[in-house]
Amino acid sequence: MTWMKNIEEQENKDRYVASECLKWLMRKGTDLEITPTEITNHLDLNCSIINTKGKKVPFNVEIKERFKNKEQLKKYPNAELKEEKLERMKSETPEGTSLLYMVLLNKEKCLVFNISKLDFNKIEKRNWRIKRTQLNPNSDYVTVPTYFIPYSMADATMDCSNFFNQYELEIN
């Protein structure tokens with residue numbers, strides 16, 4: 001399997017799990033619409049829901065799956081978000097549309113951050129050295145300005161392990 005195929009598979013899995021999490025998190029509203037974007041888009045899902053007051057509320061979602069061992073979790077209890085990625089996400093989100101950042105952590109926990117409500121002047125930003133393309137084994141490394149959003153700032157947190165298991169059952 002090529003690394004591009006791996007990226008496509010990763011995107012499909014993340015979108016499935018995120019959609020299931022949204023269905024559970026947004027269960028008080030009605031008419032939840034979830035539309036996956038093109039894989040090359042800077043956002044993963046365009047969504048809307050009718051809230052409990054009867055108002056249609058549009059929102060966009062960016063999803064990242066992260067893996068951290070116990071030591072990494074202790075040392076880095078943050079959702080990393082590259083500054084450039086944040087700017088691209090904002091540029092693709094129309095005025096009046098909320099912007100959510102969803103982190104799927106260790107195939108166990110879903111953390112949702114409402115980017116629209118965060119004050120990035122108060123969030124640590126530093127350079128982060130990472131692979132340019134995570135799923136490409138031949139990728140070079142780059143250093144990029146990145147925000148480290150504390151997990152404690154998540155607007156919602158839930159167990160998502162069942163949704164990963166469901167996805168595996170559905171594709172096999």
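Helix α3 (residues 83–91) has K85, L86 and M89 buried, where buried means under 20% relative accessible area, exposed over 50% and partly exposed in between (1.4 Å probe, protein chains only). Seen down the axis of α3, the buried residues fall within an arc of 100°, so they line one face of the helix; the arc is that of the directions from the helix axis to the C-beta atoms. The model is a predicted one, in which local features need pLDDT of at least 70, side-chain atom pairs count only at pLDDT 80 or more, and totals for chains, interfaces and linings use all residues. Residues are numbered from 1 along each chain as its sequence is written, and side-chain values use heavy atoms, with hydrogens and water left out.

**Helix α3, continued**
- An α-helix has 3.6 residues a turn, so residues three or four places apart point the same way.

- In α4 (residues 161–171), the buried residues are F163, F164 and Y167.
- These three cover an arc of only 105° around the axis, which puts them on the same side of α4.
- N162 and L169 are exposed, on the face of α4 turned away from its buried side.
- E11 belongs to helix α1 (residues 3–25) and counts as buried, at 18% relative accessibility.
- Apart from neighbours within four places in sequence, E11 is in contact with I39 and D44.

**Backbone: positive phi**
- Most residues other than glycine have a negative phi.
- D31 is not a glycine, yet has a positive phi of about 55°.
- D31 lies in strand β1 (residues 30–36) and is exposed, with a relative accessible area of 56%.
- N106, also a residue other than glycine, has a positive phi near 55°.
- N106 sits in the loop between β5 (98–105) and β6 (109–114), and N106 counts as buried at 18% relative accessibility.

**Whole chain: fold and dimensions**
- The protein chain has four helices and nine strands; helices (H or I, at least four residues) and strands (E, at least two) are DSSP runs, numbered from the N terminus.
- Along the sequence, these elements follow the pattern α-β-β-β-α-β-α-β-β-β-β-β-α.
- The radius of gyration of the chain is 16 Å, close to the 16 Å that the globule rule gives for 172 residues, so the chain is as compact as a globular protein of that length.
- That radius is taken over C-alpha atoms, and the globule rule is 2.2 Å times the number of residues to the power 0.38.
- Taken along the principal axes, the C-alpha atoms fill a box of roughly 50 × 45 × 30 Å.

- Of the 172 residues, 41% count as buried.
- Among contacts with a separation of 6 or more, 59% are between residues 24 or more positions apart.
- The accessible surface comes to about 10,400 Å², and 48% of this belongs to carbon and sulfur atoms; the areas come from the Shrake-Rupley method with a 1.4 Å probe, and for residues only the protein chains shown count as cover.

**Whole chain: charge**
- There are 28 positive and 26 negative side chains, and the centres of the two sets lie 5 Å apart.
- Lys and Arg count as positive and Asp and Glu as negative, while His and the chain ends are not counted.
- The place of a charge is taken as NZ of Lys, CZ of Arg, CG of Asp or CD of Glu.

Technical notes
Contact means heavy atoms within 4.5 Å.
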